[in-house]
Each structure stands twice: as C-alpha cells, then as structure tokens.
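Reader: I have a model open and a few minutes. Can we walk through it together?

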Amino acid sequence: MLRGYPALPSVTAGTTLRFHAASDAGTVSFQVHFYRYGAATVYTGSSGLLTAYGASEGPFNADWSWPAYDVPAPSAPGVYLGLLSSVLTTLVGFVDPMDPALAPSTFLFVVRSATPGAEACILYKLPLFTYQAYNDVGSPGGSLYTGTGFKVTLHRPGGGAGGHAWDDVYPDVYDGGSARQTFAHWDAPFIRWLEAEGYAVEYCTDLDLHQDTGAFLNAYRLLLSVGHDEYWSTELRSRVETFIGNGGNVAFFSGNTCWWRVHLVDNDTAFTCTKQPGPGFDQWFATRPENSLTGVSYRNAGGWWSGPRESLGYTVQYATHWLYDGTGLADGDVFGDADALIGYECDGAQLSPSTGPNGYEVVTAADGTPADFLVLGVAHLGAQWQDWLAGPASAATMGLYHNHGIVFTAATTDWARVLAAGDANVVQITRNVLDRLCSRSIRIRGPFTGLCIMVVGEGMKARFTADTSTLSDQNGLTFAWSVTAGQPGPLDQPTLDLVMPLSTAPVTITVRIQDGTDCSAFGTLTVVPRTADEMARVEIICRLRQFLASIAQHRKAVVGIGGKGGPWFVDPLWDPPPDELRDLLRDRDQLAYLERSALQLAKMLERLREGMGEEG
C-alpha cells in the first residue's frame, strides 16, 4: 500500500505541490491522481511516473521525513484529494477517492487562489488543526487523545484524509459512511451543497490563517467555519477577530468551536496543546473565553458521543428576523428535531434565568458573550446528555452579534449533515446567512429618540443611521432600508426615520448599501419597543440624570436627598448596559425607588421656587 502527506496543507494555483510518500511493499513505481471536491468530485489529472521506496511509520509527534516529490499543482483553486496508486493498479476512468478501499492512499490539500477574493467573496476554512488533533496515525497511538504527550506533527499521513480518527470507535449513527473528524464527514457535504447552489467560494486551512501571509483574509467578506472546528491557535483567533473588527463577517456552522488552544512549533509543522489542568492549561475559556469570538461556548451546552441521542431542534425566537425569511416559521416553532440537528456536540450562551421582552430568552453577557448577542433559536438539553456541562441550564443557542462585522453561529456540529439531507428550514436559513453576510458589514446606530438612553417605546418615532465609516469608498453610496414592522420614512437615505408599531413585537431593520460597483455592504439591527409604562420609567431616569448633570459642576459629589438612609439619585454618568436596563425596567422595587426620588426632586424644586420668589 502507498501512503502520503503534503509538505504544506495548501499551495497557490500555478505553483508546485510537494508531497511525501512511501510504500509498505518496497520499491514500486506509482502515480498521483488529483480530484477536486465540489458540487461533484472531478478528476483533474495525474502526475508522471514516480518511484516510491519502503519506509516505516514514524512517531506521532515528529516529522516522518519520508521521500519528497514535486509535481505541478492543479490550476483551479479548490479542495483536492491526491490518490496514490502503483502502476500495477493504475486507475482507469473515474473513481471515488473517498472509497473506503482507496481512502488510506489519499491525502488532502487546498489550492488557494493566486488573486485572493477576486473571484469569490466567501472563504471556507478547513479545520486542519482539529483533523490532526484526532488523527491516530503514528506510534505509540497518534492523537492528542491516545498519544503519550501533547504534541502532534502535520508531517504524517492523515490530517483530514488518508488516516483515521481515534474516536471512529464511536460511529455516527446518523451518518456511518465516514468518521467524524475527517474531511468526508461534515466539510465535504457542506462544500458539495455550497458549490451546487452556485456560491463562489475559495478555500484555506487553519495554518493559512495562522500565518495569513499577505493578509489575504482581508480580501474576503465572509469566513465559514463548518462541522467540528475545535482547535485554534492564538494567531488564528486574533486574525479572525481583527477581520471581524474591520467589518468582515463570520458564520460558524459548527459546534464545540475554539475549545482548545494550540501552539505551532517546528517551523509550523507541528503543534502542542496542554490538556491537563494546571499551568499552561490550553482550554480557551480558562484565559480568554471563546464566546467573546463565537458568542457561544461548549461549556454552556454539551455533547452526546455514541448511540442515538435526544432528537432536538431549535425553538424559534424573533421569527420576523431576516434569518427566517422564506421558512414560514413562527415564534415557538421547532425545526430540525426530526433529524437530531442539535449535537453531537453543541455550544450555548449563558442565558438569563428570567426571560426578556415577549418571553424571549436573552443572554446574561456575564461570561464573555457580547451583550448584543441576539438569541434566535434555543434547544435545552436533557439530563441524559453524555456531557451535560451546564446542568439544567445547558442549551444550544443559535444567534448573532455585531462588532463592525456580523458573527452568526449555528452552534451545532451537525448543521452540515442536516443541510445535506435537505431539511427545508436549515437550507433556507443557510441561504439567508450566506446571501447577506457575503457583503461587507456596517453597523446601524440607534434608536435615537431624544432621550438619554437609547431605547424606544411602542408608537414612538426613532431615527436610525447607517455607519459607513468602515467602507473604503464614501462616494456615490446608495441606500436601501427595510423594516419588518412600523411606519418608515424614505428608505433610500443614509438615515431612517421609523414610527414604531403599537406593540412590543420585535422590529428588525436592515440596510443594503451599494457604491456603484460589485461591492456592497449590509447592516442589521433588531429592537424591541418598550411599553408605555417602561418608557415612563425611562423618562424618570433621564430627568434625574439631566438634573444631576446640571448640578454636578457645582459639587464634588452627589449626596443623598431625603435624609440619612434615604434614596439616592443615580450617578449622572451612569449609562446602563442593556441587561441592567432590562432588569431595572422589570423590577418593582426599583420602580418604587425611582418614584420616591422623583417626588423628592419635585418637592425640592418647589421649595427652590418658593425661596426665589417672583424675582426668581
């Protein structure tokens, strides 16, 4: 049998591919045949005749140093499988390189575009580090789970294809045709669907973004992470976070994402990961919670590794949101449960024990999840889950947040499987995400209502502004706003005036911006109008703040009014975060406090007027 591995997991179109190969039957002549994986698996050509030599397996944590071969790389960008075959078994016509009988003699690599982003706005990242962490090739036991140390080399067979994952002893009962931690399991079905749908997409690996040579990531509008994207280096994460901060979008159609931190060593041909608690422990949440990147964390949900699992889907929130366009779903509906969409591993946000407006579940934002993370779907895990990390609070959480760029998370590994199976709701939601996030993101500012706090009540008028500061070209911009409720003003201006509906139903506002070229931008914001009673409380807060601000210049500190132990006015610089404001508006004790403060303020002002007399 012939086996091999690439010297680098990706090459640029039009350059040379170097791979390493050896035979377990001594010296043999062989060829390597190339197949591009997309909407179909396409044979793209073969090398000339080469000679392989016998070589033994190496350790899992050091370069195997098998003989190297240089051949012209395929010319079209994409994901490729190289299939090694001896001249005695030269393949005639098309074969499937992922056929189990041929799979051991394959290796996976990516051909990257020589002009990144010129032909595609979407970049798909293969989770190479996760493939290699689970790759059980080498001796004695080759993965981070079965090996005797905490280091694995990239220079060995495996890494997505040509090896085997240590956990293939736990077959996926929903898709037994391939092992979970391989390219064939989640990435191949998603890529097949993606290219069959006509999306222009280019590819890279974890290592490419870890290095980001030439800052090529900035050439794209949307980065995709699919399936099981568990292992991230600091450099990889930082570059993705910078991309988001500069207006790039990320869609995580994945679960258990960014759970372990790895460190590249040996000139980026190996990595380490400390998996035992203590100094240098490499779980991300121990030092830099991953939910500040993804919005969610595995520690708030859980996993079910073997056998049929509880069949869960997402319960819909904010059904009028653009994410659900074309699905026909309503609030409270559940989708994906028939196909066990949630699992085998899934991520969640820490949710508030009390519900938000209209009974929606909301994030606490206490453990790293951005405060503006919008929970669009929730699935509460039962106690029978094999890894029930947050106990009764364990819940897979689908949603998005905005940090110049928009970050969406499906928060489950099996999204790709259910997508490939044709679930109508999963298919439509995926399209909605891709169609909007393949544009450069901008932030919508608002609601501006003239109050000191950015909230809006039912029936009130508010203004929203498109922040175009992240766009490189500010000339000739055209605007197209849309709203899901309310009475909007002109929809083609940089700002939108909107009269809110006479209800507390959520309102999603979007804007598309064109600059006269193929480049476009997209912004989104969802607001929930407050009740008249809540807005009365807000007005009290604002009047108290305005009063204190007017006297703050005359006093070094604000003292209580009403005597010792009496209620105090709020800090004039206080600007409550959304969750604090939400709790304040619901708390009857806080309302009573505000009423007492307002009455005391009114009495004090009356005394001031009496003391000033008519001349005042």
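Reader: In which sense do strand 2 and strand 9 pair?
Author: Strand 2 and strand 9 pair in the parallel sense, over three bridges. Two strands pair if DSSP finds at least two bridges between them. Helices (H or I, at least four residues) and strands (E, at least two) are DSSP runs, numbered from the N terminus.

Reader: Before we go on, what kind of model is this?
Author: This is a predicted model: local features need pLDDT of at least 70, side-chain atom pairs count only at pLDDT 80 or more, and totals for chains, interfaces and linings use all residues. Residues are numbered from 1 along each chain as its sequence is written, and side-chain values use heavy atoms, with hydrogens and water left out.

Reader: Back to the strands. What is the bridge partner of S10 in strand 9?
Author: The partner is V110. S10 itself is found in strand 2, residues 10–12.

Reader: Is S10 buried or exposed?
Author: S10 is buried, because its relative accessible area is 10%. Buried means under 20% relative accessible area, exposed over 50%, partly exposed in between (1.4 Å probe, protein chains only).

Reader: What is S10 in contact with?
Author: Leaving aside neighbours within four places in sequence, S10 is in contact with V110, R112 and D208. Contact means heavy atoms within 4.5 Å. The side chains of S10 and D208 are also joined by a polar contact of 2.6 Å. A polar contact is a pair of N or O atoms within 3.5 Å; within protein, one must be able to donate a hydrogen and the other to accept it, and residues adjacent in sequence count only if both atoms are side-chain atoms.

Reader: R112 again. Which ring does R112 lie over?
Author: R112 lies over the face of F216, at 4.0 Å from the ring centre. A charge sits over a ring if NZ of Lys or CZ of Arg is within 6 Å of the ring centre and within 35 degrees of the ring normal. R261 lies over the face of W284, at 5.5 Å from the ring centre.

Reader: How many residues of strand 9 are buried?
Author: Seven of its seven residues, 106–112. Both faces are covered: T106, L108, V110 and R112 are buried on one side, and F107, F109 and V111 on the other.

Reader: How many bridges join strand 8 and strand 9?
Author: Six, in the antiparallel sense; strand 8 covers residues 78–86. G82 stands opposite F107 in strand 9.

Reader: New topic: rings. How many aromatic pairs are there in the whole structure?
Author: A search of the whole structure finds 33 aromatic pairs. Rings of Phe, Tyr and Trp (its six-membered ring) pair if their centres lie within 6.5 Å; planes under 30 degrees apart count as stacked, over 60 as edge-to-face and the rest as tilted. In the pair of Y124 and Y203, the centres are 5.7 Å apart and the planes at 50 degrees, so the pair is tilted.

Reader: Where do Y124 and Y203 lie?
Author: Y124 lies in strand 10 (residues 122–126) and Y203 in strand 12 (residues 201–205), so the pair ties together parts that are 79 residues apart in sequence. Y124 counts as buried at 0% relative accessibility, and Y203 counts as buried at 2%.

Reader: What about W322 and F522?
Author: W322 and F522 form an edge-to-face pair, 5.6 Å centre to centre with 85 degrees between the planes. W322 lies in the loop between strand 19 (314–316) and strand 20 (334–335) and F522 in strand 33 (residues 520–527), so the pair ties together parts that are 200 residues apart in sequence.

Reader: Which residues do ring pairs link into a cluster?
Author: Y124, F190, W193, Y199, Y203, F253, F408 and W415.

Reader: Now H263. Where is it, and what does H263 touch?
Author: H263 is in strand 16, residues 260–265. Not counting residues up to four places away in sequence, H263 touches A270, F271, T272 and D282. A polar contact of 2.9 Å joins the side chains of H263 and D282. At 31% relative accessibility, H263 counts as partly exposed.

Reader: Last one. How many helices and strands are in the protein chain?
Author: There are 10 helices and 33 strands. Of the 616 residues of the chain, 54% count as buried.
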